[in-house]
Amino acid sequence: MNIFSTLITQPLGFILRTIYGFVGNYGWSIIIFTILIKLILFPLTYKSQKSMEKQKRIQPLLTELQAKYANDKEKLQKEMSKLYQENGINPLGGCLPMLLQFPILIGLYQVISRPLTYLLNIRLTDAGVVDKLNMLITKFAQTGGTFEKYGSMTAETLYNRAQIVVSKYGPTVGFDEFFVNFNFFGMDLSAFPSSVVTPIKQGLIPTLGTLALVLIPLLAAFTTWLSSKLMQPSKEDAQRANANSENTAADMSKSMTYMMPIMTGFITFTLPTGMGLYWIVSNVMQILQQRVIEFIMKRKGEDVDVEGYLAAEADRKKRKKRK
């Protein structure tokens with residue numbers, strides 16, 4: 001067992017297994033799991049998003065500094081650093097929660113791909129497991145067709161590489177202990193949305209259940225776009241920020257607003273549908289948490305006084321011209 005499995009996959013599997021033991025449905029387990037993970041990470045998200053929200057608000061101030069010290073990079077860096085310190089902003093503060101999403105996604109993919117290990121806590125060394133897997137292998141060999149490749153595997157290979165198949169077809173030969181309820185409103189959360197391509201290529205009409213899987217990556221892409229859109233500066237702030245500079249950072253942010261949904265849609269299209277469901281719920285929670293954090297900041301008076309700063313700068317410039 002490697003370090004990643006010990007620190008990430010095993011704990012995530014334990015949480016999901018515990019939830020599944022109560023609700024008995026994979027879809028609702030993933031939804032509850034996602035909400036729980038987001039709540040656990042909320043203190044870190046709050047600190048990070050508060051910093052990001054302030055960065056969004058001070059963009060016009062940064063633009064003023066960039067225009068003022070365009071020919072003095074050293075002075076510009078000092079003034080920017082001072083501005084960040086005065087407003088309690090860590091320029092890299094928004095990166096950590098985003099970086100944490102990647103090991104969670106990788107760990108969750110392993111949990112979804114290995115339901116026997118992480119969801120049902122069934123080990124290859126458990127009594128009778130190898131015998132039952134060998135019986136399944138014999139069944140697959142007799143069935144042929146799409147199951148032919150499983151019919152030539154060893155029990156160890158089947159356990160390590162095809163746990164979803166074992167979970168779905170084990171009960172057909174009486175091994176109910178392998179069963180996981182992947183059904184969620186008619187969708188098979190263990191299936192890949194990309195599976196819709198195969199019947200189309202063969203000239204067949206996909207089933208409604210298969211077509212419904214495509215909704216998941218579409219919703220994942222849309223909620224990613226919505227979350228990114230809400231994180232952008234307001235129209236007024238963006239106009240002020242663009243007034244005196246080309247604002248490369250803003251252009252990049254705008255590009256990411258459209259690139260990230262495309263990437264999200266592609267990734268969730270090629271992964272088990274359960275991953276897409278996690279992505280959607282995570283995005284919705286992100287949007288809700290963003291609104292909560294904005295509300296808390298306003299209540300605590302932690303917003304940035306952009307108008308006051310700009311007014312003071314304008315007044316300073318007028319006094320300078322009079323002299």
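Is Val23 buried, partly exposed or exposed?

A: This is a predicted model, in which local features need pLDDT of at least 70 and side-chain atom pairs count only at pLDDT 80 or more, while totals for chains, interfaces and linings use all residues. Residues are numbered from 1 along each chain as its sequence is written, and side-chain values use heavy atoms, with hydrogens and water left out.

Val23 is partly exposed, at a relative accessible area of 38%; buried means under 20%, exposed over 50%, and partly exposed in between (1.4 Å probe, protein chains only). Val23 lies in helix α1; helices are DSSP runs of H or I with at least four residues, numbered from the N terminus. Beyond residues up to four places away in sequence, Val23 touches Trp28, Ser29 and Ile32, where contact means heavy atoms within 4.5 Å.

The largest share, seven residues, comes from α17. This core has 33 residues, and those touching the most other members are Leu16, Tyr26, Ile30, Phe33, Leu108, Leu277 and Tyr278. Not counting residues up to four places away in sequence, the contacts of Tyr26 include Leu16, Tyr20, Val111 and Val180.

A second, separate core of 18 residues includes Phe140, Ala162, Val165 and Phe178.

Key. Core = buried A, V, L, I, M, F, W, Y, C linked by side-chain atoms within 4.5 Å. Helix = DSSP H or I, 4+ residues; strand = E, 2+ residues; numbered from the N terminus.
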